[in-house]
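Dear colleague,

Please find below the structure that I am handing over to you.

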Amino acid sequence: MKKYTALFIILGFLLFGSAADLSAETPGKSEPKAIIVTPPAPKFTDAERQTELARRRIEVFKRMKPNSIFILRSAEPRNYAGDVDFYYRQENNLYYLTNLKQNGATLVLVKNGDKNQEYLFLPKRSPQAETWNGRMYSNEDAQRISGLKTIVEASETQNFLQAVKDKKPFTAKDGTSIAVAAENTYFLLPFTERDADGMAEFRRENEFAKSLAGYKTENARPIVDDLRLIKSPYEIKLMQHAIDITTEAQMRSMAMVGRAKHEYEVQAEVEYTFRRRNADYWGYPSIVGCGPNATTLHYVESQGEVKHGDLMLMDVGAEYDHYTADVTRTFPVNGKFTKEQAEIYQIVYDAQEAAAKLAKPGASFGQVGDAATEVIKDGLFKLGLITDKNSDQYRVWYMHGFGHWLGMNVHDVGNYGKPLQAGMIFTNEPGIYLREDALEYLPDTPEWQTFAAKVRPVFEKYKTIGVRIEDDMLVTNSGVEWMTRKLPRSIAAVEAFMAKAEKEVSLAQAEREINPAFAVFGFSQSNLPENKFGFVFPSGKTVRQGWIWTGKSATLSGLNHVHLHGE
Ligand SMILES: [Mn+2]
């Protein structure tokens, strides 16, 4: 009998106890969840999309010289390894003007005097190709998506290019004729021979343009770059969606980080959310760095431990319909900033605020960034991490730029000299990084060594802290809109959010081991001895994980970094 009594008590406890717990954990209307689920994706009708794309093409025509021809080719597939390619991604400008993702397509814009004509070369559907690689566009599909009316089979592209070269009329097998009596040709081209990215991306265009005689060849990139710098309401909706997906991913990470053991588990939460919300992909490899790893700007290994007491820095961005977000949050693993972490964080936060206050139509991007820099200098000086505000000392701790244009490229196209204008979107992303070896790699001059000796005692208190906060800002008619505003940012908001959100994400207990051999040392061209910022490094030892800065110049990489670009 005793046994049964005990059983009933337990049963009763389970029944009533769990019911009570359930009501406590299932918020009613009065208690919304902390994590904001991504709203439905924006939807456009065929007519809305066609009107938008036609408008963009008209803007290109307006900027083309009379009697000119613009030939825009789709991206080439990029090899991953052996017979495997990377996931295909259309060239941004072709996508911007057509919304077509087809490999092997070419857009031709012909301006004869004031008359504009548009042609699309499109591969013919092939049952065999479709069996292996999926459905291709029919002509009707391509017309419906892009609004382009005249379509020529892509098998005739080479004949057409030859006709352009020979300055002869081109008539396709279906009778479509294209006038090539142009004086000017436009292609997307590298800006200079040293533009390594452009040389790779526009290789075929560059080679073809160089083979032409009797034309004035123009680079079309300034035209499309100018257009893409100002986002239309249509584009802003897509950008907002990419940002909302990223916001949810960041929120879920903040909710589970306290229970993660390794960085890759947190990265998995981000990329799970991207895929779950049907993002195309990420816009750039996720940066998920905990503790000292937060001080490596482009840290991508994700093999480090997640430790209570450390900060986690997450710089991640979902890409949706070719538009990418770029959002960084830095938060304490255990949900509570230490005094030192909070001091550094608050400086970065205040720097963002100062920049945002200045940002409005007419302001220059440089001035806005300078406002952030002044706050960082002041803050570092007050803490004793620099001794001279009128020097470059702050570049030891803030070595990248304030921000960059954001759009189809994470570092989007556009002239940084232009005054801000409604419709521009940029990132506001100051940061402070106290690498544990920073003082060991200063130049061997009396000035720098005196600096090192003076700041070392303070540095010891803050070392290994890395903080970046990055928000995506839309310039409006009167100022800026924080497109990332739903994501907690102030110290109080982050701590309150983490306490509340923790129970909203369950963490799968995965195999929690790492293979040290997975460690990656750097991932981009800029790590090569001669990097694109103009440094020439002596060949030799690898100094730091993630970068191949060598010797004494390592700490001062920020001095020569292009100031306008962020990370
Ligand atoms: Mn960025």
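Where is the place of tyrosine 299? Tyrosine 299 sits in the loop between S12 and S13; helices (H or I, at least four residues) and strands (E, at least two) are DSSP runs, numbered from the N terminus. Please bear in mind that this is a predicted model, in which local features need pLDDT of at least 70, side-chain atom pairs count only at pLDDT 80 or more, and totals for chains, interfaces and linings use all residues. Residues are numbered from 1 along each chain as its sequence is written.

The chain has 16 helices and 21 strands. Of its 567 residues, 39% are buried; a residue is buried if 20 or more other C-beta atoms lie within 10 Å of its own, exposed if 12 or fewer, and partly exposed in between, with C-beta atoms placed from the backbone. Two residues are in contact if their C-beta atoms, placed from the backbone, lie within 7 Å. Among contacts between residues at least 6 apart in sequence, 71% join residues at least 24 apart.

I return now to the loop with which I opened. Tyrosine 299 counts as buried because 27 other C-beta atoms lie within 10 Å. Serine 302 lies in the loop between strand S12 (287-290) and strand S13 (311-316). Serine 302 is buried because it has 22 C-beta neighbours inside 10 Å. Leaving aside neighbours within four places in sequence, serine 302 is in contact with Glu263, Tyr264, Gln267 and Val288. From serine 302 to histidine 262 the distance is 7.4 Å, C-alpha to C-alpha, while the two are 40 residues apart in sequence.

The next topic is a pair of helices. The axes of helix H10 (residues 233-256) and helix H11 (residues 263-276) come within 9 Å and cross at roughly 150°. Here axes are lines fitted to C-alpha atoms, for helices over the stretch in contact, and angles run from 0 to 180 degrees between N-to-C directions. On the H10 side, Ile245, Glu248, Ala249, Arg252, Ser253 and Met256 meet Val266, Glu269, Val270, Thr273 and Phe274 in H11. By class, this contact of H10 with H11 has six nonpolar, two polar and three charged residues; Ala, Val, Leu, Ile, Met, Phe, Trp, Tyr, Cys and Pro count as nonpolar, Asp, Glu, Lys and Arg as charged, and the others, Gly among them, as polar.

What of the interior? In soluble globular proteins, nonpolar side chains tend to be buried together. A nonpolar core is a set of buried Ala, Val, Leu, Ile, Met, Phe, Trp, Tyr and Cys residues joined through C-beta atoms within 7 Å. The largest such core has 128 residues, of which Met312 and Ile432 touch the most other members. H10 gives the most to this core, with ten residues. At least three residues of the core come from each of domain 1 (64-228) and domain 2 (230-560), the bounds being those of an automatic or database domain assignment. Not counting residues up to four places away in sequence, isoleucine 432 touches Ile344, Ile347, Val348, Ile376, Trp397, Tyr398 and Val467.

Two residues deserve a word on their backbone. Most residues other than glycine have a negative phi. Lysine 167, although not a glycine, has a positive phi of about 55°, and is found in the loop between helix H6 (157-166) and strand S7 (170-171). Threonine 464, also not a glycine, has a positive phi of about 80°; its loop runs between helix H14 (446-462) and strand S19 (466-468). Lysine 167 is partly exposed because 13 other C-beta atoms lie within 10 Å, and threonine 464 is partly exposed because it has 15.

Finally, I turn to one further loop residue. Proline 123 is in the loop between strand S5 (115-122) and helix H4 (127-133). Not counting residues up to four places away in sequence, proline 123 touches Gln102, Gly104, Met136 and Ala154.

Yours sincerely
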